[in-house]
Amino acid sequence: MEGKNNKDLKRKLGLGAAVAISMGTTIGSGIFSSIGEVAGAAGTALITIMAFLVGGLINIPANLVYAELATAYPENGGQYVYFREAGSKFLAFWCGWIRFWATDPPSISIMALAIVNYMAYFIPMSNFALKIVAVLLVLFFMIIHMRSVEGGGKFQTFITIFKILPFVILIGLGLFHLRPEYYSAPPLEGSATGIVALLAAVSATTWSFDGMAAVCYMTGEIKNPKKTMPRALIISIIGVAILYVMLSFVVTGLMPFNELAASEAPIAEAASKIPLIGENGGTVVAIMAIIVIIGCLSSCIMFQPRIEYAMAKDGLWFPKFGEVHEKWETPAFSIFVQCMYAIILIFATSLSDLLGYFTLVALIKNFLTFGTIFVLRKKDGYNPLWKMPAGYLMAGI
């Protein structure tokens, strides 16, 4: 950790890396179970597919809000910066404080533990051994992202492409083995119907789309951010929505709907219906999950420490977090401390406890962030290069 100073981070990441951070954070372990949850809420195959389509469409406004805010304030820090500029130092500080203690390091721990749980499918391990492997994963990605933002960006681009590829293969193979009668199966007994079912199902897709604003925390390191950020956020939501809609279309056409709605591993069971995969469905999905969650873990370790870096620059966090490593040109100390805290959490608590702790805080934080647009648009000097259409309506949605 030698060789640090107070210079600023440089703009080294292009559109590809920006999209990779956004999509790489969003496409995570949630999609492996959420299709079953959405199906249970939807009651029919067609409403399940529609739910992912509508879920993608209603996330477009959120991305447009972030795109406008990022072009207005093209610097690192994301939500913290938007609260600060809206005139609330308290909310800005609260945002950073809560992120550090309640969401960011816990999310690193959650993903590291999730990866090793899937690894245990192939290599049975004791609970202690699982935690040790999780720690090694955190340390590996910590070193990658401490040593070079360019190298980290290249790795993130690679792993994001690599994590999407298995889904594309599964969709491509599944399209040849669909059962049309599964799409017209009667609604589940006792399930809601019509618009009520659709609303419930759309609600169940929420966490599958969460994470696209991750790239906003690194806006200060994105080349030409006033053009790159809107493009990256729009490409990301369109890409993720298409992937999820196609995946839900294939999964609902591969297995009886009542089995899908009751399944805890719907993608694995759907994959097992494809002759080329068959009984190896569990193995295939375990490999997919490991690759997918590695991409999320890498992304989180890359972008999350930037908020403490931004706060330290403003004097609202410990000064060392605002230091930039002279040789590596990264906020190495901020990355290091977050990863160390995540490692402590790996040993201190369980995966289910971490998930519950994370979820409520993240919901409150996102709600408050969208509210900043109502304040910022009335401020003198607010001049984003790009403004979302129907601004207040989009933020309200």
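A: The count comes to 13 salt bridges, where a salt bridge is a side-chain nitrogen of Lys or Arg within 4 Å of a carboxyl oxygen of Asp or Glu. Keep in mind that this is a predicted model, so local features need pLDDT of at least 70 and side-chain atom pairs count only at pLDDT 80 or more, while totals for chains, interfaces and linings use all residues. Residues are numbered from 1 along each chain as its sequence is written, and side-chain values use heavy atoms, with hydrogens and water left out.

Let's start with E329. Its salt-bridge partner is K10, with 2.9 Å between the closest N and O atoms. These two come from distant parts of the chain, 319 residues apart: E329 sits in the loop between β2 and α15 (332-348), and K10 in the loop between β1 (4-5) and α1 (15-26). Those labels are DSSP runs numbered from the N terminus, with helices (H or I) of at least four residues and strands (E) of at least two. E329 has a relative accessible area of 16%, so it's buried, whereas K10, at 43%, is partly exposed. For those words, buried means under 20% relative accessible area, exposed means over 50%, and partly exposed is in between, using a 1.4 Å probe and protein chains only.

There's one more thing about E329: its phi is near 55°, a positive value in a residue other than glycine. Most residues other than glycine have a negative phi. N224 is another non-glycine residue with a positive phi, near 45°. You'll find N224 in the loop between α9 (194-204) and α10 (225-254), and its 46% relative accessibility makes it partly exposed.

Back to the salt bridges. E150 pairs with K12, the closest N and O atoms being 3.9 Å apart. This is another link between distant parts of the chain, with E150 in helix α7 (residues 149-174) and K12 in the loop between β1 and α1, 138 residues apart. E150 counts as partly exposed because its relative accessibility is 40%.

Now look at E323 and K320, whose side chains meet in a salt bridge at 3.6 Å, N to O. E323 is buried, at 16% relative accessibility, while K320 is partly exposed, at 39%. As for how the bridges connect, shared partners join K10, K12, E150 and E329 into one network.

K320 has another contact to show you: it lies over the face of F333, 5.6 Å from the ring centre. A charge counts as over a ring if NZ of Lys or CZ of Arg is within 6 Å of the ring centre and within 35 degrees of the ring normal.

F333 then leads us to a group of rings. F93, W97, F100, W101, W317, F318, F321, F333 and Y341 form one aromatic cluster. The whole structure has 23 aromatic pairs. One of them is F100 with W317, edge-to-face because the ring planes are at 65°, with the centres 5.4 Å apart. F100 is in helix α5 (residues 89-119) and W317 in the loop between α14 (306-313) and β2 (324-325), so this pair also links distant parts of the chain, 217 residues apart. Both F100 and W317 are buried. The rule is that rings of Phe, Tyr and Trp (its six-membered ring) pair if their centres lie within 6.5 Å; planes under 30 degrees apart are stacked, over 60 edge-to-face, and the rest tilted.

I343 is buried, with a relative accessible area of 13%. I343 and L136 are 207 residues apart in sequence, yet their C-alpha atoms are 9.3 Å apart in space. For another pair, I287 and P305 are 18 residues apart in sequence and 28 Å apart in space, C-alpha to C-alpha. I287 lies in helix α13 (residues 281-303) and is partly exposed, at 41% relative accessibility.
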